[in-house]
Amino acid sequence: MEHIVSLKDIVVNFDGEQILNHINLDIKDKEFVTLLGPSGCGKTTTLRIIGGFLEPDSGVITFEGKKINGLPAYKRNVNTVFQRYALFPHLNVYENIAFGLHVKKLPEREIRKRVGEMLDLVNLRGYEKRNISRLSGGQQQRVAIARALVNRPKVLLLDEPLGALDLKLRKEMQIELKRIQQSLEITFIYVTHDQEEALTMSDTVVVMNQGNIQQIGTPVDIYNEPENAFVADFIGESNIIPGIMLKDCLVEISGREFVCVDKGFGNNTPVDVVIRPEDITLVPTEDAKLSGVVTSVTFKGVHYEMVVEAYDYQWLIQSTRSAELGSAVGISFGPDDIHIMHKMKG
Amino acid sequence: MKKLSKLYVGLILAFLYLPILVLIIFSFNTSKSRSVFSGFTLEWYEKLFHNELIMTSLGNTLIVAVVASLIATVLGTVACIGISRMRKAPKAVIMQVTNIPIMNPEIVTGVSLMLLFVFFAARMHLEFGFVTLIIAHITFDVPYVVLNVMPKFRQMDANLYEAAQDLGCGPVRAFFKVVFPEIMPGVISGFLMAFTFSLDDFIVSYFTSGSTAQTLPITIYAMTRRKVSPEINALSTIIFVVVVVILIVKNMIERRAEKKGAV
Amino acid sequence: MKQKLLAAPYLVWMAVFVIVPLIMVAYFAFFDSDGNFTLQYVADVAQYSNIFVRSVWLAALATVICLVLSYPLAYILAKMDTKVQSTMLMIVILPMWMNFLLRTYAWMTLLGNEGIINTLLGYIGLGPFKMLNTQGAVVLGMVYDYIPYMILPLYTVMTKIDKSVLEAANDLGCNSFKTLIKVVLPLSLPGIMSGITMVFVPAISTFIISRMLGGGSNLLIGDLIEMQFLGNSYNPNLGASISLVLMVIILLIMTLMNQFDVDDDRVLM
C-alpha cells in the first residue's frame, strides 16, 4: 500500500530539549491515524511538521513520495483544524469557509457551490451569515472542519479539535468526524491525549511519549497487546506488576507461577506483567493462587471497581458483581490475560 | 447616602466646568473685563480668525500632529509584529524602554531632545524647526502606539496567522488578510492617542521647535504671557466645542459598534 | 526569525531619540564644555534646595488633594448604573481634552484681583483677596489640571472589583464602611499607586502652572530647568544636572511608594 505521508528520522530540538527523538512514521492513504500521548510527548510537534509550520532539525518528510522539507504551509496540499479553531473573527461563517478558495481565486460560482456542499456536510446550512462569535463551541468546530475540508486536501490534520467541547458533544463529534472521513475518503491525522477518543475513531493509533513513538497499531492491538508498560498504562487502566519470566510461557508473580502465552524473554528475566482490571475475576480464596483483602468498592454504573490488596500490591479489578469491603477474595486470570513487557527504562 | 453622592459629584463637576464656563461666557463679552459682562459680541471670534499668527500655528500643529502620528503608527505597528515574535526576556526589556518617554517628566524628555538636536545642529545641517519638532513628537507618540497595539497581538489566537497560511496565503498576504483586521482597533486607537497627544503637546514642543515652527500651544502660551486678550477665550470656546463634538461622535460610534456586536 | 527584525527600526529610533538624549543629560551634568569630569554642576544644584523642597511639597500636597477628592468620586462612579456610567465618566474626563494651558489660563482670569471671584466677593463687601500669584493658586492649578489622571486609574481599578467580593464582605459581617476599608481600599491600591504617579510626576516638573498662577515668586524645579535652557541664564550643564536630580528624586519616591505597596500586601496576607 502506498504511503501518503512519511517521516524519516525526524529530530526536533527546542531550547536544548529534544522534542522529537528520531521519529519514523508512515501514514497510509485514506487512513484515520491518531497520534496519542500525554502533553509534551511531541504529538503536536509532529503534526506541525506535517502541516509545514515547523521545520525539523534533521530528517526527511515526504508527501506522496516527494520530499517536502522547506515547503511552506501555504504550498502544501494539507489543511489543519486548529486546537482552538483559529476562526477569523472578522469574517462570518460563509467567508471563513470560503477563505481558502478566495485565496486560490476560484470563480465565485464554484466557491458558492463548494461552500454549500461543506455546509451540508457539517450540518450548518442557514448559518452562512452568522458571526463567528455567536456560534456555540460545537458549531465553531464544524466551521473549522468545513473551512479546512473545502480546499479538498489529501490530508486533514486535526490538533485536539474536540478538547474544548463538553463530554456529550465530544462523543457526537467523534462519530461525526469518522463519518466525514469515511465519506470523503481522505487521510485524517488526529492528535489527542484522550485514549478513548483515539480508540473510538482511529484505524491506526500511534502512541507517543517523550519524543518517541511507543507503539503503532490498530486500536484493538494497542489495547490488547500493549508493547510496553507505558502503553499499557496509558491505554485504559492496567495493573502493572513486577514479575520474573522464568522461561517461555511461565511467569512468576508475587512468588507464584502462572502459565502465560508470551515467549522470547529469556530465562529468569525481570519483566512487567500487565493485566487489565476487567480480565480479572474474583473467586473464592481457595480456588485462586493469589488472594487478598478488598480495600475499596466503587459503583461505576455498568460495573463495580474494586481495589484488592494482595502481597503489597493493589490490584484494580472491574466486575459486574461486587465483593464485600474487607472480605478476603481470590484473584484469578487466564493465560491470555497476562501480558508480559520488557521493564521500562528509567 | 444617594443624595450625598449626587451632591458630591455635582460639586466636583462644578469645580471642573465652572472655569471653562466662565471662559466661554466672557468670550462673548464686549469689554475686555474678566469680571463684568457688558454686552454680547462676536468681535473676538472675528479677530481670532484674522489673527495670522494663530492661524499659521494652527496649521503647523495640524501638520506636525498628522505627520508625526502617522509615522509613529507605522513604526510602532511594524515594531509590534517583531516584538510579538520575541521571547519573554527581550520583550520585557523593550517594553521597559517603551515606558521611558511615558514615565519620564515631559520637561526632561524636552530638554534631553534639545541637547541632542543642539549637538547635531552644531555638526550637521540641522535647524530647529519642523524636522526637530516632528522627530520629538514621533518619539513621545510611538510608545502609545506600541502600548495600544501589543495587547491586540496578545489577545489574538496565535494560530490565526498559521490558519491563513494553511489555507494558502503567503506570509505577507496572511498578515494583511487576517492579522491586520485583528489588530486594527489597537492601531486606530494608538493613532488617535498619538494624534491627540501631538495636538495637545506644549512642553516637548517648547524645547524642540525653535522660532520658525510654532505650534498652537506655543502661541497660546505666548498670548497668556502678554496682556489680557479675550481672543484666548474665543479660542478656548472653539476648542471646547470641538472636543465635545468629537467625544460625542466617538461615543455614538462606540455605542453603535457595541449594539452591532450584541445583536 | 525574519519577523523579529521588524522591531529593528523602532529599537534604533528609541535608542537614538530616547536613550542617547538621556545619556547626554548625564554627560552634560558631569562634564564641562571642555570635556573634563566635574561634580561642580551637581554641587551647584544644592543652592536651589529651597526650590526642590517647595516643588516636592506642593506637588505632594496637590497629589494628596487629588487622591482625597477623586477616591469618593471614582467609588460613586463605579457603583453607578452601567448605562449612565460611561457617559458620566466621559463628562468627568472631558476637561482633560482641553489644552492645559487654556485650563490654567481660566484660573488666571478667575483668581485675579479684578477676577470674577473677587468681584463677586466685593458685592457682599469682602476682599479683594490676593489669590493669584500664591502657592495656594499653584496647588489649585495642579489639582485642576491633573485630577483626571487620578480619577481614571481609580475608576478603572474599582470597576474591576468583583461585586461578589463586596457581597462576601457583607456576608462576613462588614458594614459599608468596613467593606470600604478592608476590601475596596486594598483592592484599589494599584489604582491609587498609578494615580499618584500620574499626578505627582507632571506636578513636580511643571513650569507653566507656577509661572501662570504663581507669579515670579513661586519657582519650581521645572522653572529652574527651563531657565537654564531657554531663559536668560543659558547653562545646559546646570540644567542637565537639575534634570538628573529631578529624575533621581522621582525614582526614589516611586521606589519608596512601591516598597510601601509591597509591605502593605504582606500585612494583608
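1. Let's start with helix α4 of chain C, residues 82-93. This helix has 12 residues and covers 17 Å from its first C-alpha to its last, which is close to the 16 Å expected at 1.5 Å a residue. Keep in mind throughout that this is a predicted model.

2. Which residues of α4(C) are buried? They are Q85(C), M88(C), L89(C), M90(C), V92(C) and I93(C).

3. Staying in chain C, have a look at how helix α3 (residues 49-79) meets helix α7 (residues 135-159). Their axes are 6 Å apart, and the two pack at an angle of about 40 degrees. Angles under 35 degrees would count as roughly parallel and 65 to 115 as roughly perpendicular, so α3(C) and α7(C) come out as oblique to each other. The crossing of α3(C) past α7(C) is right-handed. As for what lines this contact, its residues divide into 25 nonpolar, four polar and one charged.

4. On to the charged pairs. How many salt bridges turn up over all chains? A search of the whole structure gives 22. The next points pick out some from chain A.

5. E160(A) and K43(A) are worth a click. Their side chains form a salt bridge, at 3.6 Å from N to O. This pair ties together distant parts of the chain: E160(A) sits in the loop between β7 (155-159) and α5 (167-184) of chain A, while K43(A) belongs to helix α1 (residues 43-51) of chain A, 117 residues apart. Are these two residues buried or exposed? Both E160(A) and K43(A) are buried.

6. K30(A) and D29(A) also pair up through their side chains, with a salt bridge of 3.4 Å from N to O. Buried means under 20% relative accessible area and exposed means over 50%. K30(A), at 45%, is therefore partly exposed, and D29(A), at 32%, counts as partly exposed too.

7. R125(A) has D120(A) as a salt-bridge partner, and the closest N and O atoms of the pair are 2.9 Å apart. With a relative accessibility of 47%, R125(A) counts as partly exposed. D120(A) is likewise partly exposed, its relative accessible area being 42%.

8. Last one: don't look just at pairs. In chain A, salt bridges link K113(A), E117(A) and R152(A) into a network.

How values were computed. Residues numbered from 1 in each chain as written. Chains lettered and ligands numbered in written order. Predicted model: local features only at pLDDT ≥ 70, side-chain atom pairs only at ≥ 80, totals over all residues. Heavy atoms only, no water. Axes fitted to C-alpha atoms, helices over the stretch in contact; angles between N-to-C directions. Helix = DSSP H or I, 4+ residues; strand = E, 2+ residues; numbered from the N terminus. Parallel < 35°, antiparallel > 145°, perpendicular 65-115°, else oblique. Left-handed = near helix turned anticlockwise from the far one by under 90°. Nonpolar A, V, L, I, M, F, W, Y, C, P; charged D, E, K, R; others polar. Expected span 1.5 Å × (residues − 1). Buried < 20%, exposed > 50% of the residue type's maximum accessible area, 1.4 Å probe, protein only. Salt bridge = Lys/Arg side-chain N within 4 Å of Asp/Glu carboxyl O.
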